[in-house]
Amino acid sequence: MSRIGKRPLPVPSGVTVKLDGNRVSVKGPKGELHRVVHEELKVRMDGNQVLVERPTDEAKHKALHGLTRALLKNMIEGVSHGYVRTLEIQGVGYKAEVRPPGVRLTVGFSHPVDFKAPEGIKLSVDNNVIVKVEGADKELVGQVASEIRKVRPPEPYKGKGIRYVGEQVRRKAGKTGAKAT
């Protein structure tokens, strides 16, 4: 059996899991998430635990077994605690500010870049250079953080740009001085 897939998922108090065929709905204090599970896998409730079962020991079913359990765990964790990705802006004059639909980034272009937050994502800015992406859906939080980083990824010479907090940017040496004749 899959080492991850065979473990039961405990459902914390305040979180409800509803199963409707191959559709799983998880509702908690941070929001509500839905996911359609692969039709060959079976998800069932056993008390206050969620169990994922597979039909055979084929490699395809083993992979789907662990994947499905991990996705359901992320859903339960998201609606109970939520997920946060933090980005850092580095560069002279680079900053971010919260605007009603999302965030406005001033990152060295001739114009500011407005980034609109999708439904279920909360963007906040600390000290004009720290952008926090918060939400219940782990996949969506990561995707939004990645899209914000793509606006101005860190460059290797001076390190200016938008990066994840704790990300190490590999630096390159610049040009050598003027050659002496």
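**Sheet, helices, cores and salt bridges**

An open sheet of three strands runs in the order β8-β9-β10, with antiparallel pairing. Strands are DSSP runs of E with at least two residues, helices are runs of H or I with at least four, and both are numbered from the N terminus. Two strands count as paired if DSSP finds at least two bridges between them. The model is predicted: local features need pLDDT of at least 70, side-chain atom pairs count only at pLDDT 80 or more, and totals for chains, interfaces and linings use all residues. Residues are numbered from 1 along each chain as its sequence is written, and side-chain values use heavy atoms, with hydrogens and water left out.

β8 (95-99) and β10 (113-116) stand at the edges of the sheet. Each has a single partner strand, so one side of each lacks a neighbour in the sheet. Neighbouring strands are turned by 25 degrees against each other on average, direction ignored. Strand β9 (residues 102-106) pairs with β10 over four bridges, in the antiparallel sense. Arg104 stands opposite Asp114 in β10. Helix α2 (residues 138-151) packs on the sheet and touches β9 and β10. Its direction makes about 175 degrees with that of β10. Axes are lines fitted to C-alpha atoms, for helices over the stretch in contact, and angles run from 0 to 180 degrees between N-to-C directions. Contact means heavy atoms within 4.5 Å.

The largest nonpolar core has 23 residues. Such a core is a set of buried Ala, Val, Leu, Ile, Met, Phe, Trp, Tyr and Cys residues joined through side-chain atoms within 4.5 Å. Buried means under 20% relative accessible area, exposed over 50%, and partly exposed in between (1.4 Å probe, protein chains only). Leu87, Ile89, Leu105, Leu123, Val133, Ile148 and Ile162 touch the most other members. Two or more residues each come from β7 (83-90), β9, β10, β11 (121-126), β12 (130-135), α2 and β13 (161-164). α2 gives the most, with five residues. Apart from this core lies another, of 18 residues, among them Val15, Val17, Val43 and Ile76.

Leaving aside neighbours within four places in sequence, the contacts of Ile89 include Tyr94, Leu105, Val131 and Ile162. Tyr164 is found in strand β13. At 19% relative accessibility, Tyr164 counts as buried. The C-alpha atoms of Tyr164 and Ile89 are separated by 8.7 Å, although the two are 75 residues apart along the chain. With the same exclusion of neighbours within four places, Tyr164 is in contact with Arg85, Thr86, Leu87, Ala145, Ser146 and Arg149.

Helix α1 (residues 59-80) has 22 residues. The expected span is 1.5 Å times one less than the number of residues. Buried residues of α1 include His61, Leu64, Leu72 and Ile76. Gly82 follows α1, with a positive phi near 90 degrees.

The structure holds nine salt bridges. Each is a side-chain nitrogen of Lys or Arg within 4 Å of a carboxyl oxygen of Asp or Glu. Lys60 pairs with Glu40, the closest N and O atoms being 3.5 Å apart. Lys60 lies in helix α1 and Glu40 in the loop between β4 (31-36) and β5 (42-46), 20 residues apart. Arg149 forms a salt bridge with Glu167, with the closest N and O atoms 2.7 Å apart. This pair links α2 to the segment after β13, 18 residues apart. Arg149 is partly exposed, with a relative accessible area of 23%.
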